[in-house]
Amino acid sequence: MTGDSTEERGLTSAEITDLINLVKRIHGFDFSGYSKASLKRRLTRIMQLKRLEFYDLKHMLINDNAFFQHFLEEVTVNVTEMFRDPLFYKALNSQVLPYLSTYQHVKIWSAGCSTGEEVYSLAILLKESGLQSKSFIYGTDINTEVLKEAKRGIFSLRKIKSYAENYQYSSLPGTITDHFTILYDAATIHTELRQNTLFSVHNLISDNVFNEFQLISCRNVFIYFESHLQEKILDLFYRSLCPLGFLCLGSKEAIRSDSFKKRFKTINAKENIYQKIGT
Amino acid sequence: MIKRWQESKVLLLGGSAGSFKLLFRAVKYFTPSLNKTVIIIIHRKKNFLSEIEKLFADHSRMYLREVGDKDSIDNNTIYIAPANYHTLIENEGQFSLDVSEAVWYSKPSIDVTFESAAEVFKNNCTAILLSGANQDGANGLLKLRKQGSLTIVQNPAEAEMADMPAAAINLKAADYILNTEEIFQLLQI
């Protein structure tokens with residue numbers, strides 16, 4: 001055994017609870033229902049990146065408002081891809097869009113949209129299936145910084161190229177770069193794809209219904225929440241969906257609660273696409 | 001070593017390039033008399049569908065499944081970490097998943113699961129690190145060793161890719177360095 005430096009010392013449960021309470025009291029963000037294993041990793045990571053001890057971190061959270069925005073960005077996972085799980089987009093195309101095409105207007109909510117990759121993937125899918133002009137996509141996140149990036153719609157060319165394989169597996173025509181204007185190493189999403197989108201702050205834990213949607217996509221967000229919080233947000237989604245509206249969760253996230261299993265019909269069990277039933 | 005193996009409640013198997021055959025052989029070996037939870041983390045590309053799970057499940061005599069979010073951790077079950085997620089141990093009875101940054105260019109990362117297992121299961125694991133071409137798993141194995149879990153590394157001379165076991169040995173993360181057949185002899189006990 002070696003006597004290790006601070007980077008080896010993990011946060012204790014009591015310290016994590018302490019931080020959760022502090023952030024809730026001072027900044028109004030409630031992380032108490034977050035999955036602890038992941039939260040602990042994120043907090044430890046911030047302390048390592050910033051070279052902070054536990055008490056330094058507390059001090060910064062209390063006294064430095066700018067630091068809190070950064071903290072929020074780091075503690076929530078903002079890793080995302082365009083066309084992540086390509087078969088989900090394929091299923092959406094074949095099983096859901098034909099149904100949505102019967103509506104006059106299609107409102108879509110991408111909840112926990114981070115830097116906008118999913119919103120623009122959906123926009124491309126809608127365009128390719130001819131639904132673009134009558135649809136509108138709302139992207140929301142708790143993080144103002146990532147939303148700024150999402151709004152700009154500019155990605156590094158290297159990143160966009162790394163999504164080329166996803167795009168191909170999703171069976172859409174052409175290549176992903178067809179949807180971007182490329183200048184040196186920056187790829188900007190075509191203006192027409194940005195037109196029917198709106199990015200705005202929404203906190204799934206504390207904010208309420210803000211519109212009625214035909215489709216809600218919230219993928220790889222539930223994994224960060226404990227089961228009781230997942231259920232609370234399922235209720236928010238249920239109330240935000242029109243009758244027979246669709247809910248899409250991540251490929252490893254399923255509706256587990258019995259009461260919600262009765263209120264959602266499974267459209268695709270593998271890709272976790274559900275449809276609201278009942279009232 | 002044998003006593004610690006027999007007493008451990010969880011078997012963690014981590015492998016990358018060159019480990020598939022060994023893991024497949026291990027999966028075929030296990031019977032419910034094992035009386036442990038088995039968690040397998042194998043590096044693989046995203047977008048390749050669950051061929052591994054299907055192949056493993058077809059040849060396993062134990063219940064085998066890919067980990068889903070908040071799945072329970074049960075005895076005598078073999079769990080496979082899903083591609084494009086990190087698999088974390090939320091508590092003794094529950095997994096959780098994470099899509100955060102790749103570690104050593106890997107998602108799933110063996111380090112992430114091993115470190116998380118070290119925090120939750122403490123000294124109740126046996127962890128075996130097999131062939132691979134990067135350094136993933138070494139840090140996690142060291143954490144497990146420090147918590148008192150039994151840590152075993154495949155002899156790099158016998159591994160198809162020596163880097164991963166060699167990295168763990170360099171970090172002094174291994175209680176034992178075993179040849180392939182010795183590993184299987186232990187698993188049979």
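The questions below concern chain A and chain B of a predicted model.

Q: Which elements of chain B each supply at least two residues of the side that touches chain A?
A: The contact between the chains involves 19 residues of chain A and 18 residues of chain B. On the chain B side, three elements each supply at least two residues: strand E5 (86-91), strand E6 (94-98) and helix H4 (110-121).

Q: How do the residues of the side of chain B that touches chain A divide into nonpolar, polar and charged?
A: This side of chain B consists of 18 residues. They divide into seven charged, five polar and six nonpolar.

Q: Why does the radius of gyration of chain B agree with a compact globule?
A: The C-alpha trace of chain B spans about 35 × 35 × 30 Å along its principal axes. For 189 residues a compact globule would have a radius of gyration near 16 Å, so chain B agrees with its value of 15 Å.

Q: Which helix gives the most to the side of domain 1 of chain A that touches domain 2 of chain A?
A: Chain A is assigned domain 1 (6-75) and domain 2 (86-276), with centres separated by 29 Å. Eight residues of domain 1 are in contact with 13 residues of domain 2. The most on the domain 1 side, three residues, comes from helix H4 (residues 65-75) of chain A.

Conventions
Residues numbered from 1 in each chain as written. Chains lettered and ligands numbered in written order. Predicted model: local features only at pLDDT ≥ 70, side-chain atom pairs only at ≥ 80, totals over all residues. Contact = placed C-beta atoms within 7 Å. Helix = DSSP H or I, 4+ residues; strand = E, 2+ residues; numbered from the N terminus. Nonpolar A, V, L, I, M, F, W, Y, C, P; charged D, E, K, R; others polar. Domains from an automatic or database assignment. Rg over C-alpha atoms; globule rule 2.2 N^0.38 Å.
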